[in-house]
Amino acid sequence: DVCSSDLALGRSRSLSEGQVRAITFGSLWGTWMGYGVMEVLDWGEGDACPDISGSCYESDRDGADVFKALVVGGLAGTFTVAFLSRKPIPSGVATAANFGALWGTWFGVAGGVLLDAEGDKLLTSTLMGGNAGLISTAMLAPGWDISRDRARLISIAGVIGGLAGAGIFLMVQPDDEKVAIGIPLAGSIVGLAARG
């Protein structure tokens, strides 16, 4: 029956803590990617012409389209990471990769603002930065022999640096948007480098 087959599958592949963390994060990351790709490519949006007068307007996507994008993205992320993580993953490597994706997202946002990106271009730079952070950290972290606690400390130092930069921004209150995001960005980079 179904229950016995599920138990047999569970016994046939006992997952390490790192694998579980990676697969869980993959589902969340895939959901975010599904939403982001939908927004950038304008899936589900179009022109609506409700009458014969010829007046049209841009129609928004409905909730079903958003739900589909989230579900498809989440499933794609789950199965992709499950396939890639067939061998045990150290918990520190999984944690470092998770934080790498989040820091890459922040750098993508900040970089987009510094390059005057707006709308879909800013979202695209955010998605690209996050994926670059995830992939590069996942590839490099196994050679670092990093523990989960160490990965957390490095990330916390980056957050503290970013908050310190935000505090400097509040004191200085520059009018330039680039300076406003550049100060916390520099603070977070210094924080990450100091503990890295």
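View 1. Glu-118, Asp-175, Asp-176 and Glu-177 form a negative surface patch. Asp and Glu count as negative, Lys and Arg as positive, while His and the chain ends are not counted. Patch residues have over 30% relative accessible area and no salt bridge; like charges are joined within 9 Å, nonpolar side chains (Val, Leu, Ile, Met, Phe, Trp, Tyr) within 5 Å. The place of a charge is CG of Asp, CD of Glu, NZ of Lys or CZ of Arg. Glu-118 sits in the loop between α4 (91-114) and α5 (120-140). Glu-118 has a relative accessible area of 64%, so this residue is exposed. Here exposed means over 50% relative accessible area, buried under 20%, and partly exposed in between (1.4 Å probe, protein chains only). The model is predicted: local features need pLDDT of at least 70, side-chain atom pairs count only at pLDDT 80 or more, and totals for chains, interfaces and linings use all residues. Residues are numbered from 1 along each chain as its sequence is written, and side-chain values use heavy atoms, with hydrogens and water left out.

**View 2. The chain as a whole.** The chain has seven helices and two strands. Helices (H or I, at least four residues) and strands (E, at least two) are DSSP runs, numbered from the N terminus. Along the sequence, the order is α-α-β-β-α-α-α-α-α. Of the 196 residues, 35% are buried. Take the contacts between residues at least 6 apart in sequence: 76% join residues at least 24 apart. A contact means heavy atoms within 4.5 Å. The accessible surface is about 11,900 Å², and carbon and sulfur atoms hold 67% of this area. Accessible areas come from the Shrake-Rupley method with a 1.4 Å probe; for residues, only the protein chains shown count as cover.

**View 3. A nonpolar patch.** Phe-67, Val-71, Leu-75 and Phe-79 make up a nonpolar surface patch. Together they have about 420 Å² of accessible area. Leu-75 belongs to helix α3 (residues 63-84). With a relative accessible area of 45%, Leu-75 is partly exposed.

**View 4. Thr-126 and its neighbours.** Thr-126 is part of helix α5. Its relative accessibility is 7%, so Thr-126 counts as buried. Leaving aside residues up to four places away in sequence, Thr-126 touches Trp-32, Thr-105, Gly-108 and Val-109.

**View 5. Salt bridges around Glu-17.** Three salt bridges occur in the structure. Each needs a side-chain nitrogen of Lys or Arg within 4 Å of a carboxyl oxygen of Asp or Glu. Glu-17 pairs with Arg-21 at 3.0 Å, N to O. Both lie in helix α2 (residues 17-40), four residues apart, about one turn of the helix. Glu-17 is partly exposed at 44% relative accessibility, and Arg-21 is partly exposed at 26%. Glu-17 also forms a salt bridge with Arg-148, with the closest N and O atoms 3.2 Å apart. Arg-148 lies in helix α6 (residues 148-172) and Glu-17 in helix α2, so this pair ties together parts 131 residues apart in sequence. Arg-148 is partly exposed, at 24% relative accessible area.

**View 6. A salt bridge from loop to helix.** The side chains of Asp-116 and Lys-178 meet in a salt bridge of 3.2 Å, N to O. Asp-116 lies in the loop between α4 and α5, and Lys-178 in helix α7 (residues 177-195), so the pair ties together parts 62 residues apart in sequence. Asp-116 is exposed, with 53% relative accessible area. Lys-178 is partly exposed, with 31%. Back in the other group, salt bridges that share partners join Glu-17, Arg-21 and Arg-148 into one network.
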